[in-house]
Amino acid sequence: MMVLVVGCKKDKSLNDWGAQVPDPNGMLNLSLSAEPSLLNPILSTDAYSSEVIGKVFNGLIRINEDLKPEPDLATSYNVSEDGTIYTFYLRKDVKWHDGRNFTAEDVSFTFKTIMNPDTNTVRRSNYYINKKPISIIIVNDYVLKIISPEPFAPLLMSLGIEILPEHILNKDDINKSKFNFNPIGTGPYKFVEWKSGQYIKLVRNENYFGPKPKVKEILYKIIPDTNTNLVSLSKQEIDMAGIPAKDLKRFEKDENLEIFQYQKLHYSYIGINQVHPILYDIRVRKAISHAINKDSLVRSVLKGKGKAAWLPTSPELWSYPDNQNNIPKYDYSPEKSRKLLVAAGYEFDHQKKLYKKNGKELALTIFVPKGNKVGEKCVQIIQQFLAQVGIKLDIQVKEWRSLLKIINASDNPKKFDMVMLGWSLGIDPDSYSIWHSSQYPNGFNFIGYRNLAVNKLLIAGRQEVNIPKRKAIYEEIYQKIAFDVPYIFLFYPDTIIGVNKRVGGLSRPGPAGLMNRIEDVFVTKPL
Amino acid sequence: MKLAKMSWSFKLSAGFLALIIILAIIIPMFSNLDPNGFDPNCIGEPAAPSIRHIFGTDDLGRDILLRLIYGARVSLTVGLVSVGIMIFVGIFVGTIAGYLGGWVDELIMRFVDVFMAIPTIFLILTIQILLKPSIYNVMFVIGLTSWTGVSRLVRAEILSIKERPFITAAYARGISHLRVLIKHILPHALNPIIVASMLGMGTAILTESVLSYLGLGIQPPHASWGNMLENSLSFMIDAPWMAIAPGVLISLTVLSLNFLGDFLRSGLNPRESK
Amino acid sequence: MKYIVKRVLLAIPLIIVMTFIAFLIMKLAPGDPANMYMDPSVSAQDVIQLKKNLGFDKPVGIQYVIWLKNILKGNMGYSYITSKSVFASITERLPATLLLSVSSMLLIIISTFPLGIIAGAKKGSFFDNAVTVLSFLGLSIPTFWLGLMFILFFSLKLDLLPTAGFMNPSLTNASFLIKAFDIGKHMLLPLLTILIGGLAVLTRYHRSGIINILEMDYIKAARARGLSETRILFKHAFKNAALPIITILGLSLPGLIGGSFIIEYIFSWPGMGQLGVSAIFARDYPILMGTILFSSALIIMGNLLADIAYAWIDPRIKKS
Amino acid sequence: MLKVKNLKTVFKVGDKSTVAVDGISFDVPKKSIVGIVGESGSGKSVTALSILDLLPNNGKVENGQIIYQDQNLQNLTKKEMQKIRGSEIGLIFQNPLASLNPVFSIGNQMIETILLHQDVNKKEAKALAIELLKKVNIPDPEHRINDYPHQFSLGMCQRIMIALTLSMKPTLLIADEPTASLDVTIQAQILDLLMKIKDEFDMSILIISHDLGVIAQFCDYIVVMYLGKIVEKGVPKEIFSNPQHPYTKALISAIPKPDPSAKTPVSLLRGDVPSTMNVPKGCHFHPRCPNVMPECSALIPTLEKVKNGSEVACLLYQIYPSEVVSNAKADD
C-alpha cells in the first residue's frame with residue numbers, strides 16, 4: 001500500500017534558480033510537432049494528444065519521476081494478496097473544471113465506456129484478462145473495487161488511465177462528442193481554446209486539489225517542421241524542445257538554454273523474420289549481429305548520446321537484469337561473422353565480395369519507416385557493415401502505414417526480411433504481445449519468434465505480482481531471447497531537451513519527463 | 001534582334017546543361033568510386049570543403065561532389081523520362097480530343113478541366129503512397145500528373161490546323177487519316193511541345209525534390225539532388241555546404257531549362273523574334 | 001450567364017467522377033486508419049472492432065456510395081482520426097488558406113503588371129534582362145529550401161519577423177488592427193516565398209503579351225494619332241495584355257492552392273493544404289475527400305471568376 | 001508641302017541588314033493626291049512609316065530628308081514629332097478593324113484623340129466625335145459611338161478610322177492601302193469619301209496601294225516602286241496611256257479591262273518578287289524583266305526624264321548609264 005506524500009521534494013532546478021522570482025502570471029510556451037487528434041484519453045493514441053491530456057486530466061494513479069506508480073485521484077490504494085482485487089480510496093477534494101465533484105461514478109463510467117464495443121477505442125483489451133472483463137464495484141462515492149478475473153500484474157498500469165467526467169458524457173455519443181475538442185478534466189490546467197493548426201491554450205486550474213500550479217498559462221504551438229521548431233527554440237519563441245543529437249553542439253553554446261539529457265524508455269532494433277528461407281538459420285542471424293558495430297552506430301548516428309542495447313528492456317527500468325554476464329552478446333567481430341557464414345554453408349565469392357550458397361547471393365532487404373532520420377541513417381551504415389562481411393543489404397524506405405500493412409498482415413510467412421524499428425517501453429515489463437508465439441501472425445510478434453520456454457515464462461511473468469520474483473522471471477526471458485537473435489538490439493537513444501533558462505521547477509531529468517509535476521514548473525519574470 | 005541579344009543566356013544555359021550531362025555520363029564510366037560507400041567504423045561530422053573533397057562531405061562522410069554527379073544522372077533521368085511520359089499521354093489525349101472532336105472532345109476536355117482542378121500535389125502524394133517508392137515510380141507519377149497542359153496545347157493546335165487547306169488537300173490526295181495526323185498535323189504542334197517539355201523537365205526536377213522533402217522521392221542510399229537537398233536541411237546551420245551545392249545545382253539546371261524553353265518559345269514565335 | 005450556369009452544371013458530375021477515382025486510389029493505398037498502431041498494448045481484437053465501428057469492413061463501392069449519399073445530404077462525414085466533422089475541420093482552416101492564396105495572388109498581380117509592361121516595352125534592355133533572369137531564378141529554386149533560407153535569414157539572423165505560425169496567441173483579445181498587423185507580420189515570409197516562385201510565369205506571359213500587342217496595328221494607329229508612349233503603354237496595351245493574364249491566373253489557381261501546402265508546412269500556417277496532406281499520411285479519407293472537394297470547388301469558382309472578369313473587360317465577349 | 005528626298009530606310013534582322021527603301025524622292029504638293037504603287041515588299045508602306053517616324057525598333061532611316069512644310073522631320077525631337085503625328089500628318093491603315101483598339105469603344109478612342117489635339121472639354125469632344133461620324137456616313141452616331149470596333153463592318157471601321165484622323169485636322173493624310181481589305185463596292189465608297197473630305201478639309205493625300213487600277217483615277221501624280229526603288233513616276237494619264245518602264249507596263253496590263261475584246265495576258269512577269277533580303281545586283285528588276293539586256297545585271301539605272309514627262313529608271317532609256325551612276329551621287 002502506498003500513500004501520496006506531497007511536497008518536500010528535492011528539486012535541483014529549483015535550488016539553482018532560487019534567486020529568480022517565479023512569475024505568477026507567467027506563460028509557458030511549448031510546441032507540438034503535429035496536431036493532436038483529440039483530447040480524450042480513452043480515444044486518442046498519439047503522443048501529442050497525451051501530452052496535453054496529461055495536463056488536463058488525472059488518473060487513479062500516476063507515474064512519478066522515479067518511474068514508480070503513486071496515487072493521483074486516490075489518497076491510497078491496495079492490491080489483495082492473490083492480486084485480483086484492487087481497492088481505491090478516492091480523494092474527496094477533487095472537483096471537475098466545471099465545479100462538479102469527482103466521485104467513484106466517474107471512474108466506473110470511464111472503464112465501462114472503454115469496455116463498450118461501440119466506443120472507438122483500442123484500449124479495450126487491456127481490461128479483458130484472458131478474454132474475461134474486469135468488474136468494477138462502487139462501494140461508496142469515494143471507495144471503489146476493481147476485480148480482475150485472475151491475477152494480472154500489468155493491469156495496475158492500465159488502471160492509471162485518465163478519468164472522464166460521467167456527468168458530461170453520459171448522454172453523449174462519446175465518439176463524436178464536442179467534449180473531445182473542449183475537454184473538462186480534473187487536472188492542474190483547464191482547457192481554454194484550440195485553434196486548429198495553430199495552438200492549444202491551457203490556463204491554471206485555481207481549484208486544483210494538489211499544489212497550485214505556478215505557471216498561469218500553457219501554450220502549445222503546433223509546429224510541424226523540425227527545423228522551424230529548432231529556430232523557434234533559438235529565438236525563445238518556445239521554452240522547450242527536443243534537440244536532435246547532431247544539433248546539440250550548436251545549442252550547447254546558446255546562453256538562453258539549459259540542456260538536459262536522459263535515456264529514453266525506448267530501444268531501437270532490427271527485427272529479423274524468423275520464418276525466412278535464409279534468416280531462419282540462427283548462424284546467419286548471429287553472423288549479422290557480429291557484423292554490426294553498435295558502439296560505432298551510437299557514436300555516429302547518436303553522436304554518442306545513447307548506449308548500445310543487448311536485450312529488450314531499458315536500464316532505466318526495474319526489470320533490467322542486475323547481472324549482465326548471463327546475457328549472450330554477439331558483439332562486433334567481422335571474423336566471427338565470416339566463420340559463422342562459412343559454417344552455415346556459404347562460400348565467399350572473391351570477385352563480387354559476397355557470400356553465396358547454391359549459387360545464390362546472400363542478399364537481404366531491410367525496411368525502414370519513412371521520416372525516421374535516425375533510422376534511415378542507421379540502415380545506410382548497417383548496409384556498409386554487412387558489405388564488409390560479404391552480405392548484400394538493400395534498403396527500402398517505406399511510408400509508415402504501408403510498412404505496418406506488411407508487418408501487421410496476417411500472412412505467414414510475412415513479406416519482409418528485416419525491418420528497422422524501435423519499441424517504446426511501458427513501466428511494466430510484460431512483453432507477452434511481442435514475444436509470445438500466439439501473437440504471430442496476428443499480433444506484435446510479427447517476426448514469428450517461437451520459443452516454448454519463453455512462452456511459459458511470459459505467462460508466469462504476467463501472473464506474478466511479487467516484484468523480485470518477477471524480476472528473476474524476466475531475467476531468464478531476456479537471456480533466452482538474446483541468445484536466439486530474433487532482433488538485433490541496437491541502442492537506447494538519449495533524449496536531449498533544451499529548456500529556456502527562464503523555466504524552473506523541473507523534475508529530475510529522466511524518462512518520466514522534465515515536467516513530470518507540471519504544478520511545480522514556473523517561469524521567471526521577464527527582466 | 002532578340003536572338004542576337006539574348007543569345008548569351010541561351011549559350012550559357014545550353015553550355016551548363018551540356019557540361020552537367022557530360023559529367024554525369026563520363027565520370028561514372030571512368031571511375032570505380034562508390035558514391036554510396038563509406039567506412040562505417042569512422043563516421044565523423046560532415047566535413048567542410050577542402051582539397052580532398054571540393055564540395056565537402058555529408059553527414060556519413062561521403063563526398064558531395066561525387067554524389068552530385070551520380071545524383072545528376074538520377075535527377076536528369078527523372079526529368080527526361082517523366083517529361084517523356086507527360087508528352088506521350090498529352091499528345092495521345094490531345095490528339096484524340098482535337099482530331100475526333102464532337103462529344104468525345106467535349107468529354108475529354110471537361111475531364112481535363114476537372115483533373116486540372118485537383119491540386120497535383122494531392123494526386124502525386126496519394127499515388128506515390130500507393131506505389132512502392134522507387135525511381136521508376138517517381139518518374140511515372142510525375143509524368144502521369146502533368147500531362148494536362150500538353151494535351152490542351154496539342155488539341156488547340158490540331159483544331160487550328162485540321163481545317164486548313166493543305167490538310168484538306170492531303171485528304172483529297174487520298175492519304176489516310178493516321179498518316180495525315182502523323183505527317184502533316186503533329187509536326188505543326190511540335191514547337192509548343194518542345195517548349196512545354198523544356199519547362200516540364202525543370203518542373204519535374206523540382207517536383208522530385210519536393211517529393212524527397214516529404215520523404216517520397218528517390219530512396220537512400222542512392223543520391224538524387226532532391227534527397228541530398230532534403231538531407232541537408234537539418235544541417236543547414238552547422239554544415240551549410242551540404243545544402244548549397246545541391247540547391248545551387250538544382251536551381252541552375254532548372255533555370256537553364258527555363259531559359260532554353262523561353263528562348264525556343266520566342267525563337268519559334270515569329271512575332272517575338274522579329 | 002447561361003454559359004456560366006452550364007459550366008457549373010457540367011462540372012458537378014465530373015467532380016463526382018473525380019471523387020470516385022480519388023476514393024478508389026486512396027482505398028487502394030496500403031493501410032487504413034485503424035491499422036496505425038504499433039503499440040503492444042493494442043490488441044488485434046481492438047483493431048478489428050474499431051474497423052467495424054468505422055465501417056471499413058464494408059466493400060469499397062458501398063463505402064463510396066455511403067459517402068456520396070451523405071455528401072448529397074450536405075454531410076461531409078467525420079474524420080476517422082479525430083471524429084470531428086469534416087466540414088468543421090475544413091472551414092476552420094479555410095480562412096488561413098484563402099488569406100494566403102488571395103493575398104499572394106493580389107501581390108503577384110500587382111507586381112507582375114508593371115514588371116511585364118516595362119520589360120515588354122523595353123525588350124532587350126538591361127531591365128528586361130534583369131527581370132527575366134530574376135523571375136526565372138525564382139521559378140527555379142525549390143520552395144521548401146527557399147522558405148527555410150528565409151526563416152534562417154529574416155527570422156533567426158536578423159530577428160525581424162516571427163518564425164512561424166499565424167498569429168501571436170496572446171493577441172486573441174487585441175484590437176482588429178493589432179491582430180491584422182500581427183497576422184501580416186507572420187504572413188510576410190510565406191507570401192514572399194510564394195511570390196518569388198509565382199512571379200516568373202505571369203511576368204513572362206505578360207511581357208510577351210505586351211511585345212505582341214505593341215506590334216499590333218492599333219498601337220501603330222494610336223502612335224500615328226500622336227498619343228504619348230506612356231498613354232499607349234498603360235492604356236491601350238495594358239488592357240489588351242491583361243486579358244490573357246486573367247485566364248492564366250485562373251489556371252494557376254490549383255498550383256497556388258495545392259502548392260501552398262509546402263509553405264503551410266514550413267511556416268506552420270494553419271491552412272487546408274496541411275490538413276489534406278496529413279490526411280493522406282494518416283489515411284483519413286473523409287478529411288482528404290473533403291479537402292479535394294473543397295479545393296476543386298474553390299478552383300472551379302476561381303476559374304469562373306476569371307471568366308467573368310474576362311468577359312467584363314473584353315467587350316468582344318459581352319455582347320456575343 | 002511634303003518633299004521626300006533620297007530616303008533610305010534599313011532594317012536589321014539578326015546580324016544582317018536589308019535596305020527596304022533605297023534612295024527615293026518624291027513630292028506631295030498642296031491639295032493634291034499622290035499615289036505610290038507597288039507589290040508587297042516594294043517598300044511603299046515603309047516609306048509611309050518612315051515619314052511619320054513609326055518604324056519598328058529594328059528599322060532606321062539611314063539617309064535622306066523628309067521635309068514637311070519647310071521643316072525637316074528628321075531633326076525633330078520625339079515630342080515635336082508626336083505633335084506632327086495626327087495634327088499635321090494623319091495615317092490610316094490597310095486593316096481598319098486591326099487599327100482600332102478592340103477593348104475600347106470607338107467613342108473612347110475618338111474622344112481621347114480629340115482631347116489630345118483640340119482645346120475642348122469632354123462634352124464638346126463627344127459632340128465633335130458624333131459630328132465627324134455623321135460626316136463619314138455612320139448611321140445613328142449618337143448611339144453607335146458607345147459601340148466597340150468588332151460591332152462594325154470593315155467598311156464602317158475604315159470610315160471610323162477616317163473620322164478619327166479627321167478629328168485631328170491634319171493637312172496631309174497618308175492612306176496605306178485604305179481599301180485593300182474591302183469589297184469592291186465599299187472600296188469605291190471609301191475612295192469617294194476620301195475625295196470628298198480632301199476638298200472639305202483642304203488636305204493633301206498620299207495614297208499607297210498595290211492596285212494601280214484602283215487609285216489611278218484619283219491621283220494627281222503616281223509613283224511606281226519596285227524593291228525599294230522608284231522605277232517610274234509621272235501623271236496618271238501618261239503612266240496609263242504610255243507606260244515606259246517594263247514593270248509599269250506589266251502592272252497596267254494586269255488591270256482587268258472592262259473591254260472583253262482586249263486580249264492581254266494576266267501577267268507578263270516571270271517568277272516572284274525577290275525578297276528584300278536578297279536583292280538582285282544591277283537593276284533590281286532585271287531577273288523578271290521581259291526586255292532584259294546583258295548590262296542590266298551590272299548597272300543600276302537612275303531616274304531619267306523621258307519625253308512624255310515621266311521619270312523612268314531603266315537602262316532602255318539611258319544613253320550613258322555608267323556616267324549617270326557615278327554622277328548620281330554627286331547630285332545629292
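Predicted model: local features only at pLDDT ≥ 70, side-chain atom pairs only at ≥ 80, totals over all residues.
If we take the contacts in chain C with a separation of 6 or more, 72% of them are accounted for by residues 24 or more positions apart.

Chain C also touches chain D, and there 21 residues of chain C are in contact with 25 residues of chain D. Which elements give two or more residues to the chain C side? They are α9 (217–224), α10 (229–266) and α13 (315–318) of chain C, and of these α9(C) gives the most, with 7 residues. Sorted by class, that side of chain C has 8 nonpolar, 4 polar and 9 charged residues.

I turn now to chain A, and to strand β13, residues 217–222. Why can we call this strand largely enclosed by the rest of the structure? The reason is that 5 of the 6 residues of β13(A) are buried. As for its pairing, strand β2 of chain A, residues 27–32, runs parallel to β13(A) and is joined to it by 6 bridges, with N29(A) standing opposite L219(A). Strand β12 of chain A, residues 199–204, runs antiparallel to β13(A) and is joined to it by 5 bridges, and here V203(A) has E217(A) as its bridge partner.

Finally, chain B, where I would like to show one pair of helices. Two packed helices are described by the angle between their axes and the distance between the axes. For helix α2 (residues 64–100) and helix α3 (residues 102–117) of chain B, that angle is about 145 degrees and the axes are 7 Å apart, while the crossing of α2(B) and α3(B) is left-handed. On the α2(B) side the contact is made by V93(B), I96(B), A97(B), G98(B) and L100(B), and on the α3(B) side by G102(B), V104(B), D105(B), I108(B) and M109(B). By class, this contact of α2(B) with α3(B) has 7 nonpolar, 2 polar and 1 charged residues.

How values were computed: Residues numbered from 1 in each chain as written. Chains lettered and ligands numbered in written order. Contact = placed C-beta atoms within 7 Å. Buried ≥ 20, exposed ≤ 12 C-beta atoms within 10 Å, placed from the backbone. Helix = DSSP H or I, 4+ residues; strand = E, 2+ residues; numbered from the N terminus. Pairing = 2+ DSSP bridges. Nonpolar A, V, L, I, M, F, W, Y, C, P; charged D, E, K, R; others polar. Axes fitted to C-alpha atoms, helices over the stretch in contact; angles between N-to-C directions. Left-handed = near helix turned anticlockwise from the far one by under 90°.
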